[in-house]
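Please have a look at it, and then read on.

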Amino acid sequence: MTHSHPTKVKRGLWSSRLGFIMASAGSAIGLGNIWKFPYITGMHGGGAFVLFFIFCIVTVGIPLMIAEMIIGRHTRKDPVGAFKGLHGGAWVLTGWLGVIAGFMILSYYCVVAGWAVDYLWLSFRGTFTQQHSGQVPEIFSNLLSNDLSQLFWQAVFMLMTVIIVIGGVKSGLERANKIMMPILFLILLVLAGLGLNSPGGAQAVRFLFSPDWSKLDPPAMLEALGHAFFSLSLGMGAMLTYGSYADEETSIPKVAITVSLMDTLVALLSGLAIFPIVFTYGMEPAAGPGLVFKTLPVLFSRMPGGTIIATLFFLLLVFAALTSSISLLEVVVAYYCDENRWGRKKATLVMGAIIFLIGVPSALSNNMLKDVHIIGARNFLDSIDLACTNYILPLGGLLIALFSGWVMTQGIAKGELLKGDTNAYIYPAWHFLIKYVAPVLVALVFLNKAGFF
Ligand code: PFF
C-alpha cells in the first residue's frame, strides 16, 4: 500500500531504522527506569511486582507501542491530528489527553531530572568521597529543603531540553540519542556487575525476582501497569509522534519489540545496581523517591575512583532523562506545529516556558509547599506523578487500544504492521492482543483498584 504524504518531507524523518530505534529507546529509557522503577519496586515488596510489571509489558506494552507507531506512521501527524485524520469525533479527545499528559509529565520530570543535574555537579566537585560517606542521605534532604536550588536545576534541565528540541528531528533528537544511549548501557552494566559481586548481591537478586504474591495488592497492580505505560512512553502519543517520523520500510513490530526489551533490561539493571547497596549497607528498600540518590552515592563515596564513577553515572542519568524529556516536549511541539501551524522554534520556546511554570509547584513540593497534600498524604509532585501514571496514561492506552482494535480499519493496521521485513503471523497475534487482551487487562486492573473484586 502506498500513500502520498505531502507533509512528510517538511516534517522530517529519522535518517535510518537505527536512528528510529535509538530515538524510541531514548524516549522509553529514562528516569522511569533508573529513578522510579527501583523505588516503586522497593515500596511494593519486590519480586511479584517486578514479574507483574514484565507481564504487563508483554501483553499490553508491546502491542500498544506497535499500535501507536502504526497510527503515527500512517497519518504522519501529531496525536490530535492523527485521530482527527483517521476518524474524528470524540476519538480526537484521545489525542488531546496525550498532549495534556505531555504538559503534566514534563512539568515534574524536569524537577526530578534537576535533582540528577545537581548530583552531577556535586559528583564532579568531589562531594562523594570517603570522609562524606556518612552524610549521603543528608545531602539529599538538604537539596529537597532548598527551593531555590531545585528551581535553578529544573530551569537548567528545561533549557537543555528546549535547545535539543529546537534543533528538530534529525539534527537535534537523533544526534543526541545516538551519542547518549550506548554510554548509558555500558555504565549501568558495570554498576550492576559491581552490585552482583557485593555482599548484598544475592539478597538483591532474591528480592527482585522471587515473588511473594501476597504483596501484589490492587494498588501494586495498578502501579505496575501504570509504570509499564510510563516506562515505555505509552498512552500519550509519544511513540505515535516518533512513529510519524519513521520511514516506510521499517518493520514497526521489530522496533517496538527491540525498544521494549532494551527498556526492561535497563530497569532490571538499575535494580541490580541499587538493591545490592540497599542490602549491603542495611538500608530501607521502601525509602521512596530518594532511593537512587541515597544509595548509589554511598557506594561511590566508598570505592576507589568513586568521584569519576559518580560523575559518569549522573551524567548518564541526565542523558537518559534528556532523551525522554525531548520526546515529551516533542508531543506538545508537534501538536502546535502540525495543528496550529506554529514555527518549531516558537512552539518549543513558548511551551518550554509554560511547562516550566507548571512545574514550579512540584519543585516547591518538598519544602515551601510540603504541607499541601493533593492525593492522600502525597505532596504535589507525587500526586501529579500518580495521577499521570496510574490514571491518565492507562486511560489513554485503553482508548488507543480500543481504537486500534475495534475502530481503525484493519486494512490500514495490517498494511502498516507488515511493512518492512515482518513475519506475517505477527498481525493476528497483535490483533488479538490489542483487541481483547490489552483492554480487558487494563479494565480489570482499574476495577480491581476500585474495589470491584
Ligand atoms: N519513558 C520515560 C521514562 O521512563 O523515564 C518517561 C516518559 C517519556 C513517559 C515520554 C511518557 C512519555 F511520553
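This is a predicted model: local features need pLDDT of at least 70, side-chain atom pairs count only at pLDDT 80 or more; totals for chains, interfaces and linings use all residues.

Residues are numbered from 1 along each chain as its sequence is written.

**Overall fold**

The protein chain has 19 helices and zero strands (DSSP runs numbered from the N terminus, H or I of at least four residues for helices and E of at least two for strands). Its radius of gyration is 21 Å, close to the 22 Å of the globule rule for 453 residues, so the chain is as compact as a globular protein of that length. Here the radius is taken over C-alpha atoms, and the rule is 2.2 Å times the number of residues to the power 0.38. Along the principal axes, the C-alpha atoms fill a box of roughly 65 × 50 × 40 Å.

**Around the ligand**

Which residues come nearest to the ligand? Of the 15 around it, they are Gly 30, Gly 32, Ser 233, Ala 238 and Ser 324 (near means a C-beta atom, placed from the backbone, within 6 Å). Two or more shell residues come from each of α2 (17-28), α3 (31-43), α11 (218-231) and α15 (306-340). By class, the shell has seven nonpolar, eight polar and no charged residues (Ala, Val, Leu, Ile, Met, Phe, Trp, Tyr, Cys and Pro are nonpolar, Asp, Glu, Lys and Arg charged, and the others, Gly among them, polar).

**Two helix pairs**

Axes are lines fitted to C-alpha atoms, for helices over the stretch in contact, with angles from 0 to 180 degrees between N-to-C directions.

| Pair | Angle | Axes |
|---|---|---|
| α7 (136-144) and α14 (291-302) | about 135° | 8 Å apart |
| α15 and α16 (344-363) | roughly 130° | within 9 Å |

The α7 helix is therefore oblique to α14 (under 35 degrees is roughly parallel, over 145 roughly antiparallel, 65 to 115 roughly perpendicular, and the rest oblique). In α7, Val 136, Pro 137 and Phe 140 meet Phe 293, Lys 294, Pro 297, Val 298 and Ser 301 of α14 (contact means C-beta atoms, placed from the backbone, within 7 Å). This contact divides into six nonpolar, one polar and one charged residues.

Helices α15 and α16 are likewise oblique to each other. Leu 329, Val 332, Val 333, Tyr 336 and Cys 337 of α15 make the contact with Arg 344, Ala 347, Thr 348, Met 351 and Gly 352 of α16. Seven of these residues are nonpolar, two polar and one charged.

Terms used:
Two residues are in contact if their C-beta atoms, placed from the backbone, lie within 7 Å.
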